[in-house]
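This briefing covers strand pairing, a pocket and a nonpolar core. The sequence and the model are shown first.

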Amino acid sequence: NQGQVVSYNLAGNYDDLTVFAYANLNNLFGAYKEKRRFYVFGTLGMGVSTWKTALTNNITGSIVHSGTRNGTRKYVNKALCLPVSAGLNYKIDNHWSVHAGGTFTTVFSDDLDLWHHGAKYDQLFYTHVGVTYYLNPGFGIFHHGKKNKRREHVNKQPIPIFDYMVNPV
């Protein structure tokens with residue numbers, strides 16, 4: 001008894017709107033260095049994803065599922081998502097940097113790929129490259145070489161108004 005040849009193609013659009021926390025891992029786990037240009041970063045976020053997908057049988061050319069209704073099952077096209085990313089950043093100067101990284105996103109739905117077998121939630125991995133322009137490079141506690149103004153006063157000695165030195169003769 002031979003099995004059936006299966007060949008499917010998933011195509012569509014995926015978008016998400018995410019709020020995330022960004023961490024410079026070199027500063028978080030190592031010492032802060034004012035002149036550091038290259039560092040590793042990580043993000044953790046929460047958002048809402050939307051998609052429109054279609055699953056096609058490559059052998060027959062027919063659409064298996066189009067992301068609407070399949071018999072008694074109605075597919076959803078939006079869900080909460082949890083993206084986690086890591087990457088490398090290179091600071092060109094105080095205003096510009098470039099980065100490359102990868103993001104692993106868990107979508108809290110099994111309808112993204114229109115295939116309901118296996119894992120409870122669908123998961124995506126994608127790579128990204130980008131350019132960042134910093135509007136206010138002095139913003140933040142340890143951002144782009146600016147001193148931490150909250151800690152600046154801790155070990156600061158008062159500047160004397162009148163200072164003298166006694167020189168023995």
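What is the volume of the second largest pocket? The volume of the second largest pocket is about 340 Å³. The structure is a predicted model.

**Pocket lining**
- The second largest pocket is lined by 17 residues, and the closest to its centre are F20, F41, T43, S85 and H128.
- Five strands each supply at least two residues of this lining: β1 (8–24), β2 (38–57), β6 (78–91), β7 (96–107) and β8 (122–133).
- Sorted by class, the lining of the second largest pocket comprises seven nonpolar, nine polar and one charged residues.

**Strand pairing**
- The pairing of β6 with β7 is antiparallel and runs over 11 bridges.
- L88 has A100 in β7 as its bridge partner.
- β7 also pairs with β8, in the antiparallel sense and over 12 bridges.
- For A100, the bridge partner in β8 is V129.

**Nonpolar core**
- W51, A79, C81, V107 and L112 make up the largest nonpolar core, which has five residues.
- Leaving aside residues up to four places away in sequence, W51 touches N13, Y14, V76, N77, K78, A79, V107, S109, D111 and L112.
- Among the residues that W51 touches are A79, V107 and L112, which are also listed in the largest nonpolar core.
- In soluble globular proteins, nonpolar side chains tend to be buried together.

Definitions and conventions: Residues numbered from 1 in each chain as written. Predicted model: local features only at pLDDT ≥ 70, side-chain atom pairs only at ≥ 80, totals over all residues. Heavy atoms only, no water. Core = buried A, V, L, I, M, F, W, Y, C linked by side-chain atoms within 4.5 Å. Buried < 20%, exposed > 50% of the residue type's maximum accessible area, 1.4 Å probe, protein only. Contact = heavy atoms within 4.5 Å. 1 Å grid on protein atoms, 1.4 Å probe; cavity = no way out; pocket = protein on both sides within 12 Å on 5 of 7 lines; lining within 4 Å. Points joined across faces, edges and corners; volume = space filled by probe spheres on them. Helix = DSSP H or I, 4+ residues; strand = E, 2+ residues; numbered from the N terminus. Nonpolar A, V, L, I, M, F, W, Y, C, P; charged D, E, K, R; others polar. Pairing = 2+ DSSP bridges.
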